[in-house]
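Please examine the sequence and the three-dimensional structure shown below. The paragraphs that follow lead through a few of its side chains.

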Amino acid sequence: MNAVVKPDLKARTAAFLSQTHRLFIGNEWVEPQSGKTIDVINPATGKVFAKAAAAGPADIDRAVRAARSAFDSGPWPTMPPVERAKLLWKLADAVEAAADEIAYILSLDNGMPLGMAKFAGAFGTARNLRYLAGWCGKIDGSVPTVSEPDRLAYTLKEPVGVVGAITPWNFPFAMEADKVGQAMAAGCTLVLKPAELTPLAAILLGRLIQEAGVPPGVINIVTGHGDPAGKALVEHPDVDKITFTGSTATGKWIVQAAAATLKRVTLELGGKSPTFIFPDADLERAIPGAAMSVFANAGQICVAGSRLYVHKNVFDKVIAGISGMAQALRVGPGLEPETQMGPLVSQGQLDRVTGYIQSGKSEGAEVLVGGERQGSEGYFLKPTVLAQTHRSMRVMREEIFGPVVCAMPMDDEDLDRIAKVANDTTYGLSAYIWTRNVSIVHKLARKIRAGTVQVNGGVGLDPAVPFGGYKQSGWGRERGREGVESLTESKSVGIFL
């Protein structure tokens, strides 16, 4: 899946990294008012390899004012939807053309393997932007039948206004571009605050937005820490909506902070997703599917199937297969062509995940494979399979966000009891079912309280399919029609004839 890094690509990215990475406001690259910077650390080495601007409240205010001006006046509010669609296509083309560079920067910034960065990060992003371009002009109202014959009523879907977007570090480029694309499709303007651990992907996205000819102020990118930059964005009175992807704890804070202005909020938060493998499942597909739902991107996936329930008749075979995959996975720097799993994103994340493994061991879990740091440089962790786990353990109840599978056998196929197990969590983001039995699929999918249920692989992350969670996994949906409509307001117009 990985590609060999070409010498000219190394030269281009070296030139990019050597530059001063500033803030993108009003279609210009500007210095932060404080002059402060963020150290950008390569998780494969643990060393600083670049610096990005550290925005403060004054910079956020400047970006919001640029977005407000672009929304209220200028070419954006009167631009025909087909022209917005053309801009999204141009941006998609620019992303695709820069796929190698995007992948290289993502691998340095986040640690993910080069192949994943290229195909999921760049090509996947281009596909999603083209999909979103199709929604320009298609979010419309209706003409309802009213009770009085001498009255006419119709409804409009209008862009909500200035959107503040805060994105995580696990899939930075793709998630940042998703929020940009949805805002543009809805006719909104946006201020993007990327995660401080991975700011370079957003800066590269800003360069492509500028190259595509998006009007000034429509998209603004402000790198910085959650406090003060993210805090100032959430609390800003001229921001009409916050769309946030990240931890449940931060999501709860955003709800409280947004209450002061009653701004709209969409939250895509954490998960503790169950995977169920029934005895009739195609194990040749289910074993690698279940394994990579946790091990891909070093387990830093919000929909990771980290609670694994396998029918007792096939439990030993499945666990042996997943453990074998865990031992065989090539863990190393993302830029090395043979790497299949990169490092965790930071020392803090490595400490968090190893802390959970120790907690599981202390509560009686058995480490079948992995469970240890790999090497002394960078933030590498061996893929880990835990057995002898039970529902009261922290590893079974809390989101680990690392390459750790917690396995338990299922004693029967009673769907009510299985659904109770699935729903025994404060989260409700995703779930996985592996079976050939169509009746089980449809019955169990209805019983599981999760925003996405993926069957034998599934299509839950397709850009046409709404994505979000139940319970403490979030509010609202992104992607699909619902994702674009979440950035609109409904207006009713009544007329006496």
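In this predicted model, the charged end of Arg 207 lies over the ring of Trp 29, at 5.3 Å from the ring centre. Trp 29 itself has a relative accessibility of 18% and therefore counts as buried, since the limit for a buried residue is under 20% relative accessible area.

The next topic is the pairing of aromatic rings. A pair of aromatic rings is described by two values, the distance of the centres and the angle of the planes. The structure holds five aromatic pairs. One of them joins Phe 24 and Trp 29: the ring centres are 4.8 Å apart and the planes stand at 40°, so this pair is tilted. Phe 24 has a relative accessible area of 0% and is therefore buried.

Another aromatic pair, formed by Trp 169 and Phe 401, is edge-to-face, with 5.4 Å from centre to centre and 80° between the planes. This pair links distant parts of the chain, as its two residues are 232 residues apart. Trp 169 belongs to the loop between strand 6 (162-166) and helix 6 (172-186), whereas Phe 401 belongs to the loop between helix 13 (394-397) and strand 15 (404-410). Trp 169 and Phe 401 are both buried.

Attention may now turn to a strand. Thr 243 is part of strand 9, which covers residues 241-245. With a relative accessible area of 5%, Thr 243 is buried. Which side chain does the side chain of Thr 243 join in a polar contact of 2.7 Å? The partner is Glu 478. Leaving aside residues up to four places away in sequence, Thr 243 also touches others, including Val 163, Ile 166, Lys 179 and Thr 266.

Conventions. Residues are numbered from 1 along each chain as its sequence is written. This is a predicted model: local features need pLDDT of at least 70, side-chain atom pairs count only at pLDDT 80 or more; totals for chains, interfaces and linings use all residues. Side-chain values use heavy atoms; hydrogens and water are left out. Helices (H or I, at least four residues) and strands (E, at least two) are DSSP runs, numbered from the N terminus. Buried means under 20% relative accessible area, exposed over 50%, partly exposed in between (1.4 Å probe, protein chains only). A polar contact is a pair of N or O atoms within 3.5 Å; within protein, one must be able to donate a hydrogen and the other to accept it, and residues adjacent in sequence count only if both atoms are side-chain atoms. Contact means heavy atoms within 4.5 Å. Rings of Phe, Tyr and Trp (its six-membered ring) pair if their centres lie within 6.5 Å; planes under 30 degrees apart count as stacked, over 60 as edge-to-face and the rest as tilted. A charge sits over a ring if NZ of Lys or CZ of Arg is within 6 Å of the ring centre and within 35 degrees of the ring normal.
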